[in-house]
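Open the model in your viewer and keep the selection tool at hand. The stops below go from whole chains to single residues.

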Amino acid sequence: MNFDINTIVYILEIIVGGLLVGIGVHFVPVGGAPAAMAQATGIGTGTVQLAAGSGLTGLLAAGLMMSVTDNLWLILASGAVGAGIMIGSTMLTGSWIYAYAVGVPFASAKVTYDPITGLSQPPYIAPGTVGHGIPTVCFASGLIGGMMGGLGGAMIYYPLYLINGNAALSAMFAIGIFLVNAVIASWNIQGTIEGFHDPKFKKWPFAFRACAIASILLALASVLITGGA
Amino acid sequence: MDAFSMGLVAAMGALATVAGASEDIESDIGSQSNPNSQVQLAAQVGNPHRIYNKAVSGEPPANALWAATAAIVAYTLITAFQMPALLALVAGASVAALFNGVFAMSSYFGRNASQARFNQWIYLDIVRYTTPSIMAHAWITSFCIATISYIMVYMLPTPHPFPMPIIALIWGLAVGAIGSSVGDIHYGGEREFQNRQFGCGLNTMLSGQIVRKAEAGLRNSIDNAWFCTKFGGPATGMGFGLTVFLDNWRTAVFDPVTQASYAIAMGLFFIIVMVIYNNYIEKSLRRKYGPYPEYKGDVAA
């Protein structure tokens, strides 16, 4: 293969995509198993699981768009919106369960007032829990995170497809690079995070560095391997 | 947009709704995913139980495996053996259900055997009559997802460039993520802990104190499925159905070749509507439920 200026641009795009995924995971409000018992604020699942579910739905949308156009912005926007729809419907239907089956008001234990709506949180936290449900700030943060994941997935897929022209191969590599970055970020989060208002969010530079190193290695490998295919 | 492709998108939405519901009920019968932590803990804190315990893995990878297995078998039968699509999809889903049965049973035996020191028994009758219903629900999920992938690749006017198994893998991940974020709350947050006061999250002190008695006799996982079918399953179905339907509807109504920006703007519109709806739920809950009586501070606006 020719290692020219285009290849360097492709590698940079993959790295930026990986970093978007890594940082995006920090925005997704996941409470893990405690949230499934309405014991912690956020969505009741694991970080990687939800980020992968939404980001890869975005990858599907981006892949479809890329089969009909080569306009980078449309592909990226399509990926972000596809992921946003997935994470939005997940959080919305999750809210129904918190609201109408478990019967808890939405409250965050990390802030006294919701930074977006200004609603007070402590009176609505059930005793013995650290918040429950998905308040507006978590919902908005989750959308940002999911859309960054979709954007990142599309950003990884785009150069790979340009290199090898094989949608299946590019998609598999995109899924792999996506998962590596999501897992690294979730180690940094250590299980649960409520979104950009959570004090844990300040730890993102660690994940940024780790994801950058991983993405550089993965970008080099994927550009070389798929280039030879 | 033509009526045929709109009908296909509607069919995909319907299949996704069924897939989401059956996925959640499958995980509830087997106590997979997050609520499994409490089932696992129950025996350790002195509450041996008759609830199925199969945390094979997180729901998204598990369902991705089953959906991708179904799609790979169907794809092979369609392309290499020219089998009719419907039969091939049925065969694929059956293979996936067999995989699921093997995983579920080995997980049940392994987990409960490892808890023998806590007096947790392995109940062979539970294995005999619960495993088939887990497999049946996994069959429905993988059949629906493999069919959605088939429609996306072979039938829609703008065929998807990814091969069927990869699309099934991604939708399997998505349905698992939705099932574990939505339906599991109904099982973990409500059904497992019906012995505590309604309308509050699980107090940390009650961890592991799951309900073990049913209306008659001892509670088992089929009772849990009966309960979760009423709300958790359908809500998960709505979540996954909305994802598949809205995502494909905007590219079916607006041609992605000429009207791509409209399709994207439509997606953004849906997202904004969801934010507003969630905010409405949040405010109406505060109005209806009010603050917790145990709260000692001032109740600000």
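**Stop 1**

Select chain B and follow it along the sequence: the pattern reads α-α-α-α-α-α-α-α-α. That makes nine helices and zero strands. Helices (H or I, at least four residues) and strands (E, at least two) are DSSP runs, numbered from the N terminus. The radius of gyration of chain B is 21 Å, close to the 19 Å that the globule rule gives for 301 residues, so chain B is as compact as a globular protein of that length. That radius is taken over C-alpha atoms, and the rule is 2.2 Å times the number of residues to the power 0.38.

Before going on, note that this is a predicted model: local features need pLDDT of at least 70, side-chain atom pairs count only at pLDDT 80 or more, and totals for chains, interfaces and linings use all residues. Residues are numbered from 1 along each chain as its sequence is written, while chains are lettered from A and ligands numbered from 1 in the order in which they are written.

Of its 301 residues, 53% count as buried (20 or more other C-beta atoms within 10 Å of the residue's own; exposed means 12 or fewer, partly exposed in between; C-beta atoms are placed from the backbone).

**Stop 2**

Select residues 3-30 of chain B. This is H1, with 28 residues. From first C-alpha to last it reaches 40 Å, close to the 40 Å expected at 1.5 Å a residue (1.5 Å times one less than the number of residues). B:Ser31 follows H1(B), with a positive phi near 50°.

Next, select residues 260-289 of chain B, helix H9. It has 30 residues and reaches 44 Å, close to the 44 Å expected. Its buried residues include B:Ile264, B:Gly267, B:Ile271 and B:Met274. What covers the buried residues of H9(B)? Show H3 (47-68), H4 and H5 (136-164) of chain A, plus H8 (232-253) of chain B: the cover includes these helices. After H9(B) comes B:Gly290, whose phi is positive, near 75°.

**Stop 3: the nonpolar core**

Which residues touch the most other members of the largest nonpolar core? Pick B:Ala67, B:Ala70, B:Ala146 and B:Ala168; the core has 177 residues. Such a core is a set of buried Ala, Val, Leu, Ile, Met, Phe, Trp, Tyr and Cys residues joined through C-beta atoms within 7 Å. Its largest share, 18 residues, comes from helix H4 (residues 72-102) of chain A.

Centre on B:Ala168. Leaving aside neighbours within four places in sequence, its contacts include B:Ala71, B:Ile145 and B:Ser149 (contact: C-beta atoms, placed from the backbone, within 7 Å).

**Stop 4: chain A and its face to chain B**

Switch to chain A. It has seven helices and two strands, in the order α-α-α-α-β-β-α-α-α. Its C-alpha trace spans about 65 × 35 × 25 Å. Of its 229 residues, 70% count as buried.

Finally, show both chains. Their contact takes 71 residues from chain A and 73 residues from chain B. On the chain A side, the largest share, 22 residues, comes from H4(A). Colour that side by class: 44 residues are nonpolar, 27 polar and none charged. Here Ala, Val, Leu, Ile, Met, Phe, Trp, Tyr, Cys and Pro count as nonpolar, Asp, Glu, Lys and Arg as charged, and the others, Gly among them, as polar.

Key: Contact = placed C-beta atoms within 7 Å.
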